[in-house]
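Have the structure open beside you as you read.

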Amino acid sequence: MGTPDGSALKRARLEENLTLEEAVAALNRITGGTSDTSQLSAWESGRRRTGLRNRRGLVELYGKPTEELFAHQDGQDGVAQVLHQAQGTLVTRWADLVEAMISVVTGAREHLVVTGSRSREKAYLDAIETVVAQNPDLVHTRVLYGPPSHPELSEHLVRLVELRDPSARRNGVRTLSIGYADRGEALERFFVASERKAVVPLPSLHSADGFDCGIVLDGEAAAGLVHHGREACAAARLLGTIRDVRELPVRRR
């Protein structure tokens with residue numbers, strides 16, 4: 001950043017005479033992922049930091065070292081400085097946590113990212129289905145870490161696929177992506193995020209059971225979690241049909 005030609009990552013693409021579309025297609029062939037042009041553009045500008053898997057892919061694609069391609073992302077003037085300044089609001093009651101999560105869902109206009117395999121709160125899952133049904137342009141991403149823990153989540157996923165075909169695209173964009181990550185290969189994480197706000201559930205401050213507290217984030221922190229979730233989904237196995245979803249086992253607890 002700060003040079004006439006932009007970042008080293010962008011210059012590397014231009015040196016190869018690749019458009020954003022061509023570069024993303026080549027990257028996905030290397031990684032087996034589903035990254036898109038908006039992500040690559042954000043990486044090139046430094047608005048978002050590239051994840052490890054895609055960094056390795058871009059290093060292979062362009063034949064340049066990591067420290068050169070991603071210096072603009074890792075420096076103190078990039079996204080790191082903004083995120084270090086992020087502040088959140090702590091909620092410590094289950095009812096407030098659910099209300100905050102539903103608020104994220106109902107306020108989503110462009111992106112809604114949900115991670116984790118333990119959701120079962122009916123009002124929350126119903127809110128997700130409603131916003132997906134009412135806003136066809138909303139890009140919804142769900143990342144599972146292992147099979148669902150509860151039948152309520154399994155049923156919710158089936159309803160989502162009945163509302164939208166995961167293989168379909170609207171204006172060239174996939175608007176429903178359900179990714180499945182093996183729990184042996186990736187640590188489970190929990191959050192719900194839109195381009196405006198995010199909630200990250202936390203272990204209970206009241207007892208040793210459950211997650212009934214959380215932190216509410218907005219601005220760049222929320223947008224960063226959207227980016228995190230989309231990259232995690234791109235690195236996971238996509239569940240592309242209703243049969244894929246229906247065949248998911250319910251995890252025995």
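## Helix packing, rings and backbone

Helix α2 (residues 20–31) packs against helix α4 (residues 52–62) at an angle of about 115 degrees, and their axes are 9 Å apart. Axes are lines fitted to C-alpha atoms, for helices over the stretch in contact, and angles run from 0 to 180 degrees between N-to-C directions. Helices (H or I, at least four residues) and strands (E, at least two) are DSSP runs, numbered from the N terminus. This is a predicted model, in which local features need pLDDT of at least 70, side-chain atom pairs count only at pLDDT 80 or more, and totals for chains, interfaces and linings use all residues. Residues are numbered from 1 along each chain as its sequence is written, and side-chain values use heavy atoms, with hydrogens and water left out.

The helices α2 and α4 are therefore roughly perpendicular to each other; angles under 35 degrees count as roughly parallel, over 145 as roughly antiparallel, 65 to 115 as roughly perpendicular and the rest as oblique. On the α2 side, Ala23, Ala26, Leu27, Ile30 and Thr31 meet Arg53, Asn54, Gly57, Leu58, Glu60, Leu61 and Tyr62 in α4, where contact means heavy atoms within 4.5 Å.

A second pair is helix α3 (residues 37–45) with helix α11 (residues 219–235), packed at an angle of about 125 degrees with axes 12 Å apart. Here α3 and α11 are therefore oblique to each other. Ser38, Gln39 and Trp43 of α3 make the contact with His227, Arg230 and Glu231 of α11.

Now for the rings: how many aromatic pairs does a search of the whole structure find? It finds one, formed by Phe190 and Phe211, which is tilted, at 5.4 Å centre to centre and 50 degrees between the planes. Rings of Phe, Tyr and Trp (its six-membered ring) pair if their centres lie within 6.5 Å; planes under 30 degrees apart count as stacked, over 60 as edge-to-face and the rest as tilted. The pair links distant parts of the chain, 21 residues apart: Phe190 sits in the loop between β6 (176–181) and β7 (191–194), and Phe211 in the loop between β8 (197–202) and β9 (213–218).

Finally, the backbone. Most residues other than glycine have a negative phi. Asn17, in the loop between α1 (8–15) and α2, has a positive phi near 55 degrees. Asn171, in the loop between β4 (169–170) and β5 (173–174), has a positive phi of about 55 degrees.

The table gives accessibility (buried under 20% relative accessible area, exposed over 50%, partly exposed in between; 1.4 Å probe, protein chains only).

| Residue | Relative accessible area | Class |
|---|---|---|
| Asn17 | 66% | exposed |
| Asn171 | 72% | exposed |
| Phe190 | 22% | partly exposed |
| Phe211 | 37% | partly exposed |
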